[in-house]
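Open the model in your viewer and keep the sequence panel beside it. The stops below say what to select and what is there.

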Amino acid sequence: MSFIIAEIGQAHNGSIDIAHDYIDALAKTGVDAIKFQTHIANAESSIYEPFRVKFSDQDATRFDYWKRMEFKLSEWKGLKQHCDDAGLEFMSSPFSNAAVDLLEEVGVKRYKIGSGEVTNFLLLERISQTKKPVILSSGMSSFNELDAAVKFLKEKHIEIAVLQCTTAYPTKPQEYGLNVITELISRYNIPIGFSDHSAKIETCIAAKVLGAEILEFHAVLNRQVFGPDTTSSLTIQEVETLVKAVRNIDIALQSSINKNDTSKFSELKLIFEKSLAVNKNLNKGHIIRFEDLEAKKPANKGVKASEFRSVIGTRLQRNMTQWEFLNNEDIA
Ligand SMILES: C=C(OP(=O)(O)O)C(=O)O
């Protein structure tokens with residue numbers, strides 16, 4: 001079955017109240033986990049970090065932005081408690097070792113490592129010290145970089161899953177990299193997933209069908225609000241639709257149908273299948289041609305439509321009227 005993660009990221013815009021609103025809204029959609037990002041400006045950034053997208057004049061630097069996105073330990077604990085109460089797993093990607101320390105105090109079950117951190121072995125080392133399972137994203141990584149991170153974590157006996165991801169906001173269809181999902185499955189022989197930035201529900205559905213066991217996408221309460229990921233996010237309504245679709249596909253993919261066993265269709269086959277009839281008035285002695293025949297519902301009223309070849313060239317034994325069923329005793 002799929003593990004579905006709704007990524008809130010910075011959609012709360014630094015407001016703890018909005019962060020809680022996200023939990024309430026997403027709890028109704030059927031996702032398994034809600035993911036935040038734990039940013040500690042001093043530990044992960046500096047005043048030299050450029051903006052990826054400068055979407056408001058609120059922050060002079062990207063560092064100021066990260067500072068504004070910080071929550072206190074007690075606030076993180078409140079978010080975790082809210083998720084617990086809503087029956088959702090609380091997740092948050094750390095962007096520094098200090099963030100891992102904080103999340104350990106909050107009490108997380110596993111770690112998500114964002115695409116930008118794949119080469120941050122200092123962080124990988126700190127996370128592996130926790131011995132908790134890891135979901136590693138790959139939005140900017142070459143196979144060489146990914147192999148190195150996977151090897152590092154595997155050697156430390158960390159349970160690991162890798163997500164196909166393309167770091168672009170939003171991703172265009174030609175950038176999704178759905179082909180990579182099957183490559184990752186055969187390359188690593190571990191659970192593989194998909195971290196989506198497309199803002200379209202079909203992308204995760206396609207990833208699911210291709211074998212992704214973990215699906216992550218950004219969610220936003222309102223597409224009009226400022227935020228670095230708004231254009232790459234699904235609305236709450238779209239999340240609900242996506243989750244329903246994925247759960248159905250999970251059931252479908254786990255069920256196998258034996259096309260050779262049609263026993264449960266026997267009654268329906270009688271209704272849907274057809275018997276041969278004549279399509280015009282014909283006299284006794286007429287030699288039946290293809291052009292004289294039609295196939296009509298139901299089955300079992302005359303010669304089976306599948307056997308029409310055995311009728312062609314036979315001679316009518318009686319006069320027949322248009323649309324009458326043709327039986328074996330009518331021909332010789
Ligand atoms: C940036 C993150 O992930 P991804 O690279 O999968 O978008 C994250 O989890 O915070």
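How many cavities of 30 Å³ or more are there by this rule? The count comes to two. The rule works on a 1 Å grid over the protein atoms alone: a cavity is a set of points where a 1.4 Å probe fits but cannot get out, a pocket is an open set with protein on both sides within 12 Å along at least five of seven lines, and lining residues have an atom within 4 Å of a point. Grid points are joined across faces, edges and corners, and a volume is the space filled by probe spheres set on the points.

This is a predicted model, in which local features need pLDDT of at least 70 and side-chain atom pairs count only at pLDDT 80 or more, while totals for chains, interfaces and linings use all residues. Residues are numbered from 1 along each chain as its sequence is written, and side-chain values use heavy atoms, with hydrogens and water left out.

**Cavities**

Select Glu7, Ile8, Ala11, His218, Ala219, Val220, Gly227, Pro228, Asp229, Thr230 and Ser233, which line the largest cavity. The elements giving two or more residues to this lining are strand S1 (3-9) and strand S8 (214-220); strands (E, at least two residues) and helices (H or I, at least four) are DSSP runs, numbered from the N terminus. S8 has the largest share, three residues. The space inside is about 50 Å³.

Next, select Thr166, Thr171, Glu175, Tyr176, Phe194, Ser195, Asp196 and His197, the lining of the second largest cavity. Its volume is about 30 Å³.

**Ligand and largest pocket**

Now select the ligand, which sits in the largest pocket (more than half of its atoms lie within 2 Å of the grid points). That pocket holds about 560 Å³ of space. Of its 29 lining residues, Gln37, Phe95, Ser115, Gly116 and Tyr169 lie nearest the centre. Strand S2 (33-38), helix H3 (62-69) and S8 each supply at least two residues of the lining.

Show the residues around the ligand (a heavy atom within 4 Å); among them are Lys35, Gln37, Ser93, Phe95, Cys165 and His197. The shell divides into two nonpolar, seven polar and three charged residues. Here Ala, Val, Leu, Ile, Met, Phe, Trp, Tyr, Cys and Pro count as nonpolar, Asp, Glu, Lys and Arg as charged, and the others, Gly among them, as polar.

For Lys112 the corresponding side-chain distance is 2.7 Å, and a polar side-chain atom of Glu7 lies 3.5 Å from a ligand oxygen. Taken alone the ligand exposes 290 Å², of which the protein buries 94% (Shrake-Rupley method, 1.4 Å probe).

**Second largest pocket**

Move on to Met1, Phe3, Arg110 and Pro133, which are among the lining residues of the second largest pocket. Its volume is about 200 Å³. The lining has nine nonpolar, no polar and three charged residues.

**Backbone stops**

Most residues other than glycine have a negative phi, and most peptide bonds are trans. Select Tyr169 and Pro170: a cis peptide bond joins them, with omega about -10°. Pro170 is in the loop between strand S6 (160-165) and helix H8 (178-188). The bond from Lys297 to Pro298 is also cis, with omega near -5°. Finish at Asn13, in the loop between S1 and helix H1 (16-27), where phi is positive, near 55°.

Definitions and conventions
Polar contact = N/O pair within 3.5 Å; in protein donor to acceptor, adjacent residues only side chain to side chain.
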